[in-house]
Amino acid sequence: KVHQRPQLQSIYEDLVKTKSRIKMILENTEEGLFFIDQRLNVESQYSKPLSIIFNQEKLSGQNFISLLEARAPTKIVEETEGYLSLMFRNDLEEETINELNPLLEVEFHFEDEHGLWVSSRHYSILFKRIYQDGKIIKLFSTVKDITAKNELSKKLNDIQKNNKRQIEWLGNIMHVEPPLLQEFINVSENEIQIIEKELQIDKG
């Protein structure tokens, strides 16, 4: 028993250090980080940005599916519940199941106390299994706000569609001089390149 005390003390110190590191990460990250148990409830340790993402102060003990129901389309909620149930099955490969994740890109809708639409944001929510003694005991999740990226992508698509229409229109006008048409094309290409660079910066 005397020999066991130093070993137990060492294990205890490692646990305290690990808990301290997790707390530091959760308090300083800009992403939404949290754990959900086998009943799909949010555990007590989660990052501060998660409260902002869900627009709700207390999340500990809240059912994740219930949180989604008030913010995401019904179809997405139903698919998420099925997907998460598969994530807790030891006989299924995690990499394969993650291809079914309906929250890779999801739009959250926020309403006021009267049920009227206030705003919406786009998020990417990923999940990873946490094992203990070879069994899945919980899931670790990361939530990233991809609203800006989506808006840039939409802007790029709109510009490309608009430019295509304008080029077709200009091409049909016989008296358009080639230098004028080329100048228009160059300006359009510059706009597209600027947005593509912004998208690359956002991805980085």
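**From one residue to the whole protein**

In this predicted model, Thr80 touches Phe64, Ile65, Leu68, Pro102 and Leu103, when residues up to four places away in sequence are not counted. The place of Thr80 itself is in helix α4, which covers residues 74–87. Is Thr80 buried or exposed? Its relative accessible area is 0%; buried means under 20%, and Thr80 is therefore counted as buried.

Leu40 is found in the loop between β1 (32–36) and β2 (42–46). Its phi is near 65 degrees, a positive value in a residue other than glycine. Leu40 has a relative accessibility of 11%, so it counts as buried.

Asp133 is found in another loop, the one between β4 (117–132) and β5 (135–145). Asp133 is not a glycine, yet its phi is positive, at about 55 degrees. Exposed means over 50% relative accessible area; Asp133 has 75% and is therefore exposed.

The view can now be widened to the whole protein. It has 7 helices and 5 strands, and along the sequence these follow the pattern α-β-β-α-α-α-α-β-β-β-α-α. Of the 204 residues in the protein, 31% are buried. Among contacts with a separation of 6 or more, 44% are accounted for by residues 24 or more positions apart. Finally, the protein exposes about 14300 Å², of which carbon and sulfur atoms supply 53%.

Conventions:
Residues are numbered from 1 along each chain as its sequence is written. This is a predicted model: local features need pLDDT of at least 70, side-chain atom pairs count only at pLDDT 80 or more; totals for chains, interfaces and linings use all residues. Side-chain values use heavy atoms; hydrogens and water are left out. Helices (H or I, at least four residues) and strands (E, at least two) are DSSP runs, numbered from the N terminus. Buried means under 20% relative accessible area, exposed over 50%, partly exposed in between (1.4 Å probe, protein chains only). Contact means heavy atoms within 4.5 Å. Accessible areas come from the Shrake-Rupley method with a 1.4 Å probe; for residues, only the protein chains shown count as cover.
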